Amino acid sequence: MAIFKLTVNGKQQQVDVDADTPLLWVLRDSLHLVGTKYGCGMAQCGACTIHMGGNAVRSCILPISAVRQPITTIEGLSANGDHPVQQAWDEVDVPQCGYCQAGQMMTAAAFLKTTPHPTDEQIASAMHGNICRCGAYHRIHEAVKVASQKK
Amino acid sequence: MQTTNDTSRRDFLKWSAFTAGGLVLGFKWADAEASTATVFSSTVAEAEVAMGHYLTVGTNGIVTIFSPNPELGQNIMTSFPMIVAEELDADWKQVKVVQAPLDNRFDRQLTGGSGAVPHSWPLLRKAGATARFMLIAAAAQRWGVPAAECTAEEGFVLHKASGKKLGYGELAEDAGKVPVPATVTLKDRKDFKLIGTAVKNVANKDILTGKPLYGLDFYREGMLYAMIQRPPAFGTKVQSFDATAAKAMPGIIDVVQVKNGVAVVGKSTWQVMKAKKALKITYEKSGNIESTADHDKIFIDLLNNGKATVRRKDGDVEAAFKDAAKVVKAEYQCPFISHSPLEPMNFFAHVKEGSVELVGPCQIPGSARTAVSKLLNIPEDKITLELTRLGGGFGRRLYNDYVVEAAEVSSLIKAPVKVIWSREDDMTGGTYRPAVRYRFEAALDASGNMTGYRLRGVGINSGNPTREHNFPSGAVENLLIESVEHQSPITTGAWRAPITNFLAYAEQSFIDEVAVAAGKDPVQFRLDLFEKAKAKPVGRMDYNVNRMIEVTKKVAERSGWGTKAGVIQGFSVYFSHRSYVAQVAEAVMEKGKPVIKKVYAVADCGQIVNLGGARQQVMGAIVDGMGHALFGKLSFKDGAAEQSNFHNYRLIRMKEIPQVDLHFVDSGFDPTGLGEPALPPTGGAVANAIFKATGKRLYQQPFMDSEVFGGSGKKTF
Ligand code: FES
Ligand code: FES
């Protein structure tokens, strides 16, 4: 065990965990930020996607010892749950079970920052790495589009 | 759903947390009679807080409706209250929905079989209508006008003649004093304002901001984490284990043997995950050790020599085949698949002196409680179960092994604990869709009419893998349906649209083959059979032929079946869970391989409650059905699953989904099933389109193994 300092959603945090602990479990078990989900633990499903220094990263394979930039999770994506992506997800009424959606939105938010006016193909490619077991892909696709049209 | 107050658990819920007094109505859901409704005063309600099946109209105007059924994405937490609110003429913005805990006074508190809305439809409507009646009566009394002159609208009672108007909140106390009516009049369908519209998921805000909703998110101060190493191979059990290394690892509190394996208990998920890998366990044989290659041989043997159970027999099948001008025969096979809901299995248990607290995601909470009661010998009324939201279910959470495990671990370590399954535990840990193989035979007369039909279904722990009273039963004079089961240590269970999720693909592909052999258009061939079943039905038929015909014609029309030059289409239609869905899949060839670009779907599931949710269910089911038909495969080597996570167990992803054109038929029936019925026909429509595109029949799932996709074409499961 060792002490690690990190910034999560703008807040300084300090945790005492094993150096190989994936950020996912630091967030969930140590900081009780459980919006970031566990789906596979091996970078296959995208449920654990967070932002590190603004980039979408899979927290399930990111050891805490490798975290050097500020972290944003779904809880910190916006102050009032009104990030364009969150708004679009609500408008399009995306969630089924909802379990994958935090990861989907974090992926989409990072993608739209680099690609503000995506084509359908670009959306599908960007979101291809995130599994939705409920099969809500049509609405996820549409919501990314709707979000891209918001300012 | 996070709980904080331990001492209140026996009471389940603090009334005051949900209502500001007012009209508190309890219903006996099991009985559709409104006379069984009871009014509670707030004081009684406070004392009788376990009274779960209720709806309240608070003095603040807020209508609170309990949703008893587990929510796993079928959107029941939105559609149930919609039905109540419709009859109550409530203002939807003022309606609050609360997930109810397990309570004996709820009826059918489970999620499975696409049955919740069909079952509760009349009861929920009566609940709303009763409250509305009482609110109107209270207003009429206050104004001194006849109740018949008053109407209700969006949370208000109106007396249009005098222009008077009172909100439900202002009337709630008085309404509580009105005698409960013995009967109430329900709305006419044409007057529905909320039902049939698209209403957004009531949980959106919480889901989209990452609130702790799911079992895996549940946390209780002082709670420990546990993971269980179960035997990797079915047919083996733990013989002995050495936990020295695991116990020495940081954060590990204890290692205990449980019925299903060896449990590692510790302070955090990651520490427990790591320590589990450090266990040294020796296993011994406890049953047959089977591989997929064995199953392939077993299937052939059962098809040829198995002692079959006759499920249905009409006419003289032998004679029909002897006299046939042509016989078509084919075999179809489907592998085991895993449910893989995205939230892995988990449950919280706190076993105390003579009582148990359970929290987590499960589809049949009542049977989970019974199982825990049996294990610990603690009476059921000393066990509480709070439902969290479920991160998907697909049938996996109908089985309570993981709930029982949590209770067992907690009882052994005498501490509150959450048992968590890793993805690998989940995928290799059983309760799969069974593997099955079907042999179909059809006898055709000289003019291409199907005069005989034979189906033998064999499967691994599959029970009866046929649906003997579904189509084509009823449309063929001479018919024999039988099944044989092989018992295996590999655990199997219901998987979204049990049995029909593979039977429909096989049957609808085969019927297509028969149509081609008869020289007929596949849609027309089925329509002819439906007409025959309508004019001269043979024996019992569980389906309504008219509804089959309607969805078939409609999807043919919408897809331009047979009229679009150069477009490759495959058709399928299926009845399941009381609903009817027809589909046309469109394929194109890209780089020599077929790609499904579009699926037309026409569904008749009776009255739609929430149009948005309904569309979501059908589209999700099509994606799910196509994904598993294309990719789903779990194979076994020496009793152990060969796939363990999403790197070698492929699920459909965004670039692989087809466009969907969806239409609901308004048949005037009450709601029938919706969460499952759109899945079964998809595999058939896709397989039939691929046949048209390539000339190759797909006789096995997953389709990816077929040579049309560059697979070996050999059986690989
Ligand atoms: S949990 Fe990280 S990608 Fe699946
Ligand atoms: S909504 Fe259930 S996994 Fe995506």
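1. Helix axes here are lines fitted to C-alpha atoms over the stretch in contact, and the angle between two of them runs from 0 to 180 degrees between N-to-C directions. The model under review is a predicted one.

2. On that basis, helix α4 (residues 120-127) and helix α5 (residues 137-148) of chain A pack at an angle of about 120 degrees. Their axes are 10 Å apart. Angles of 65 to 115 degrees would count as roughly perpendicular and those over 145 as roughly antiparallel, and α4(A) and α5(A) are therefore oblique to each other. The crossing of α4(A) and α5(A) is right-handed.

3. Which residues make this contact? From α4(A) come D120(A), I123(A), A124(A) and M127(A); α5(A) supplies I140(A), H141(A), V144(A) and K145(A). By class, the residues of the contact of α4(A) with α5(A) are five nonpolar, one polar and two charged.

4. Over all chains, the structure holds 50 salt bridges. One of them pairs D18(A) with K274(B), with 3.2 Å between the closest N and O atoms. D18(A) sits in the loop between β2 (11-17) and α1 (23-30) of chain A, while K274(B) belongs to helix α7 (residues 269-277) of chain B, so this pair joins two chains. The two partners can be read against the 20% cut-off for buried residues: D18(A), at 6% relative accessibility, counts as buried, whereas K274(B), at 23%, is partly exposed.

5. Within chain B, E86(B) and K187(B) form a salt bridge whose closest N and O atoms are 2.8 Å apart. E86(B) is in helix α2 (residues 76-88), and K187(B) is in the loop between α4 (168-175) and α5 (204-208) of chain B. The pair links distant parts of the chain, 101 residues apart.

6. D425(B) lies in helix α12 (residues 423-428) and K276(B) in helix α7 of chain B, so the bridge ties together parts that are 149 residues apart in sequence. D425(B) and K276(B) are both buried.

Methods: Residues numbered from 1 in each chain as written. Chains lettered and ligands numbered in written order. Predicted model: local features only at pLDDT ≥ 70, side-chain atom pairs only at ≥ 80, totals over all residues. Heavy atoms only, no water. Salt bridge = Lys/Arg side-chain N within 4 Å of Asp/Glu carboxyl O. Helix = DSSP H or I, 4+ residues; strand = E, 2+ residues; numbered from the N terminus. Buried < 20%, exposed > 50% of the residue type's maximum accessible area, 1.4 Å probe, protein only. Parallel < 35°, antiparallel > 145°, perpendicular 65-115°, else oblique. Left-handed = near helix turned anticlockwise from the far one by under 90°. Contact = heavy atoms within 4.5 Å. Nonpolar A, V, L, I, M, F, W, Y, C, P; charged D, E, K, R; others polar.
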